[in-house]
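Hello,

Here is the structure I promised to pass on, and my notes follow below it. Please have it open while you read.

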Amino acid sequence: MNPKYGEAGMSMERSDGLNAAETIDAHKTLRCEGFNITYQLDGSHFEIKPPVELGEGSCRSLLTQRYLQMTDFDLQFNRDIEAKGEFRTPRTELIFCMGHGIEWGTSLKQDYFAIDTGESVLLHGGIRSENCIYLSGAGYRFLSIDMSPAQFERMTSGLTEDTRLQAGGGAGLFFCKNAITPSIRLILSQIADCSYSQGMRELYLEGKMLELMAVYLNESLFEADRISHTVKLSRDDMESLRLAKEILQRDYLHPPTLAGLSRIICLNEFKLKKGFKEMFGYTVHAYVIEQRMQRAQQLLEHGNMTVSEAASRVGYVNVSHFSAAFRKKFGVRPGEYLISGRQRSLGTRM
């Protein structure tokens, strides 16, 4: 691992001939007592993994171009971490929050912005500094797309001038927040699960990034009135729903009933059902199925378990019901996936 580390304030020479309007140039520093690391957002690949005594997970670039960078931030710290960012060129950033929410301040406006679980934000601004605190024990998961203003203009060139301004084009600070819809959540899942080899990986991720931008802009600009906001959730409500998600992740084999889960998290059933769907993009039942299917895929991946055994291990008595759910999720029958897993395993050993 050799991320492009540097000291805060260090400028990097560019040799690609692009002018400032075509580039992104930023760095972010994570620090606490005994730990201080800076990584660049300038179109270079990086991957950061904290030392085991500090936390777990990683922060890594998924797609790197001089005018665009897609980053996967999936970290949990054992101590509070101070984060500071310096953005030397104007940039547009689209952030999707799938983990614990966060608040941050920026020098462009003496105020704090916030994003919570199940939300996305589009932030457009000039040269600036930012700061935030990552709390000990909180699981942070963000997918962010940083791009130059020129790239954002190219990607929105088909919009009218008024609509482009509504999307965040033009000068000055712009901040817009929306719910992550099920269609966007599906694309985020496909990006996270990408298994393409290095030769095709960047092409696949670039296509998914463009799809993500198109769906986001279409929903936020033209379908905002269709996005359901039927339940108002307080911060305590959202913490209860995160707890419900953790319980279902842990106990997907024998999940509690809706009434039982409602009692455990101290939230009424209406808010549990509506809030869970709004925050995570799944109904409670669908989320349990999702956990079972993800585990089933892992069990069949190495080809050393029968379909019936895998079905039983993830809580299915009826194998045909299991096969139907697996095919709906992955597009192939579990038997076909099992055979391909065995072939991959044999190919690895050869």
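This is a predicted model, and I began with what is packed inside. The largest nonpolar core has 30 residues, and those that touch the most other members are Leu-30, Phe-73, Ile-102, Trp-104, Ile-115, Tyr-134 and Phe-142. Strand 2 (residues 35-41) gives the most to this core, contributing 4 residues. Apart from it lies another core, this one of 24 residues, including Leu-63, Ile-180, Ile-184 and Met-213.

Tyr-134 is itself among the core residues that touch the most other members.

Next comes helix 7, which covers residues 269-280. Its 12 residues reach 16 Å from the first C-alpha to the last, close to the 16 Å expected at 1.5 Å a residue. Asn-268 caps the N-terminal end of helix 7, with a side-chain oxygen 3.1 Å from the backbone nitrogen of Phe-270. Just after the helix, Gly-281 takes a positive phi of about 80 degrees. Within helix 7, the buried residues are Leu-272, Gly-275, Phe-276, Glu-278, Met-279 and Phe-280. What covers them includes helix 3 (182-192), helix 5 (235-250), helix 6 (258-265) and helix 8 (284-301).

Helix 5 also holds Asp-237, which is worth a look. Is Asp-237 buried or exposed? Its relative accessible area is 11%, so Asp-237 counts as buried. Leaving aside neighbours within four places in sequence, Asp-237 is in contact with Lys-232, Leu-267 and Lys-271. With Lys-271 there is a polar contact between the two side chains, at 2.8 Å. The C-alpha atoms of Asp-237 and Cys-266 are separated by 8.9 Å, although these residues are 29 apart along the chain.

That brings me to the cysteines. Cys-266 is exposed, with a relative accessible area of 66%, whereas Cys-132 is buried, at 12%. How many disulfides are there? With a cut-off of 2.5 Å between cysteine sulfur atoms, the count comes to 0 disulfides.

Best wishes

How values were computed
Residues numbered from 1 in each chain as written. Predicted model: local features only at pLDDT ≥ 70, side-chain atom pairs only at ≥ 80, totals over all residues. Heavy atoms only, no water. Helix = DSSP H or I, 4+ residues; strand = E, 2+ residues; numbered from the N terminus. Expected span 1.5 Å × (residues − 1). Buried < 20%, exposed > 50% of the residue type's maximum accessible area, 1.4 Å probe, protein only. Contact = heavy atoms within 4.5 Å. Polar contact = N/O pair within 3.5 Å; in protein donor to acceptor, adjacent residues only side chain to side chain. Core = buried A, V, L, I, M, F, W, Y, C linked by side-chain atoms within 4.5 Å.
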